[in-house]
Amino acid sequence: MTKESDIAKIRNAAIIGTGINVFLSIIKFLAGSITASISLIADGINSLSDVFPSLAVAVGIKISERPPTEDFPYGFHKIENFVSLFISLAIFYGAYEMITAAIDRFVAIQVIENPIVGIITAIVSIITLFVISTYKIKIGKQTNSPSLLADGEHSRVDVFASLAVLIGVSGAFFGIYIMDAIAAIIAAIFVIRAGYETFKASTKVLLDASIPYDAREQIKEIALETSGVKKVQWIRARGSGKYFFAELKIEVDAHIDVEKAQLLVEKLKANIKNQVENIDNVLILLEPKKKELIRIAVPIEEDQGLKSPVFPRFGETAYFAIIDIRDDALSDMTILENPFRNEPKRKGILIAEWLGDQQKVDKVFIKEPLKKGPTYAFDSYYVQVTETKLDSLKDIIAEISKKKVP
Ligand SMILES: [Zn+2]
């Protein structure tokens with residue numbers, strides 16, 4: 001969740017922006033009537049139509065942070081995207097007013113008086129808008145707020161609109177009064193472009209468009225690095241205000257029990273939430289994959305082939321029989337020396353890690369219960385530990401494959 005301080009930052013930026021737009025529209029209308037410049041009046045319309053979107057950002061940000069309710073289980077984050085959509089419509093309307101005002105001036109060209117007043121107004125507008133847009137974009141990026149970003153990008157574009165006004169009014173010095181009307185049209189074109197970008201960005205999120213490819217790949221990598229995840233079948237992620245939601249389907253070994261599968265899901269969720277910024281909700285679906293090959297490990301004291309007896313003391317055993325069962329039949333067997341037999345401490349844990357990580361064992365058969373340490377170690381590699389009363393490798397293989405072993 002966004003910190004309270006972030007929301008305060010966004011609101012402050014939006015409220016300051018609103019005040020600046022009020023100020024700019026007043027001086028532009030004033031200067032417009034003194035100079036009779038249509039580009040200044042058009043730019044004044046632009047600033048006036050920007051007052052309401054900035055205000056909407058300030059109001060919307062508060063609503064967007066309301067906790068989910070029963071009727072709105074996904075929360076209200078998208079309010080921000082609605083605000084952005086509203087901003088884009090306000091921008092289009094401003095541009096429409098600018099263009100109709102300018103077209104009139106092409107028909108009846110007006111002499112611009114006191115062009116210096118117009119020039120000063122345009123310069124004040126350029127500087128103010130540049131500073132406030134930089135500020136809004138900075139805070140918007142910092143807090144990942146799409147509505148403030150949209151507002152900031154818009155103010156940035158309005159810098160160019162005012163630049164066009166500056167050039168248009170300057171034309172009066174050379175007696176080229178038509179430049180004023182041309183400037184008004186050029187300013188309107190900038191405004192339309194800003195409106196289009198904002199419209200596109202907000203409708204994409206409202207239509208649940210996917211988040212960028214890079215962000216999805218990042219989630220996929222995190223999933224694959226999480227122990228127990230065999231494969232990522234698909235990832236779907238969509239934006240919602242400052243946040244996004246992700247759903248993914250992963251393949252896990254079918255032999256993992258439900259409790260361990262739940263732990264894996266929780267661990268993967270935590271990994272994603274810790275490493276991906278602004279993720280609000282992660283849904284993980286599991287696809288159990290039955291392995292064709294199951295590898296089991298059994299402690300034995302002496303190598304007598306399939307007749308080797310199971311050794312009761314897991315840590316002290318001389319050998320481990322590593323047995324591969326494919327399609328319910330014995331396919332391979334190797335006898336490995338217990339490398340940690342003479343280890344003074346933690347030998348059970350070391351053996352468990354070695355079997356799980358290096359030998360890629362799926363199941364272990366033991367005679368006596370394990371201590372906590374080795375149990376946790378096996379758990380973290382999703383190795384299933386089975387206590388057995390069976391006495392030899394032959395019996396265990398028979399039990400697993402449900403077939404008689406000669
Ligand atoms: Zn504007």
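1. Ground rules. Residue numbers start from 1 in each chain, following the sequence as written. Since the model is predicted, local features need pLDDT of at least 70 and side-chain atom pairs count only at pLDDT 80 or more, while totals for chains, interfaces and linings use all residues.

2. Confidence. The protein chain has a mean pLDDT of 87, with 98% of its residues at 70 or more; pLDDT is the predictor's confidence in each residue, from 0 to 100. Helix α5 (residues 115–143) has the highest mean, 94, and helix α12 (residues 393–401) the lowest, 83. Helices here are DSSP runs (H or I, at least four residues), numbered from the N terminus.

3. Domains. The protein chain is assigned domain 1 (4–206), domain 2 (213–289) and domain 3 (293–401), with bounds from an automatic or database domain assignment. Taken over C-alpha atoms, the centres of domain 1 and domain 3 are 71 Å apart.

4. Helices α1 and α3. The axes of α1 (residues 4–35) and α3 (residues 51–64) come within 8 Å and cross at roughly 165°. Axes are lines fitted to C-alpha atoms over the stretch in contact, with angles from 0 to 180 degrees between N-to-C directions. The two helices, α1 and α3, are therefore roughly antiparallel (over 145 degrees). The crossing of α1 and α3 is left-handed, the near helix being turned anticlockwise from the far one by less than a right angle. On the α1 side the contact includes Ile7, Ile10, Ala14 and Ile15, and on the α3 side Val51, Leu55, Val57 and Ile61 are among the residues involved; contact requires C-beta atoms, placed from the backbone, within 7 Å. By class there are 10 nonpolar, 5 polar and 2 charged residues (nonpolar is Ala, Val, Leu, Ile, Met, Phe, Trp, Tyr, Cys and Pro; charged is Asp, Glu, Lys and Arg; the others, Gly among them, are polar).

5. Helices α4 and α7. With axes 8 Å apart, α4 (residues 79–107) and α7 (residues 178–206) pack at about 160°, and are therefore roughly antiparallel. Their crossing is left-handed. The contact of α4 with α7 has 22 nonpolar, 8 polar and 2 charged residues.

6. Helices α8 and α9. Here α8 (residues 213–225) packs on α9 (residues 258–275) at an angle of about 140°, with the axes 10 Å apart. The crossing of α8 and α9 is right-handed, that is, clockwise. Ile219, Ile222 and Ala223 of α8 meet Leu268, Asn271, Ile272 and Gln275 of α9, giving 5 nonpolar, 2 polar and no charged residues.

Terms used:
Parallel < 35°, antiparallel > 145°, perpendicular 65-115°, else oblique. Contact = placed C-beta atoms within 7 Å.
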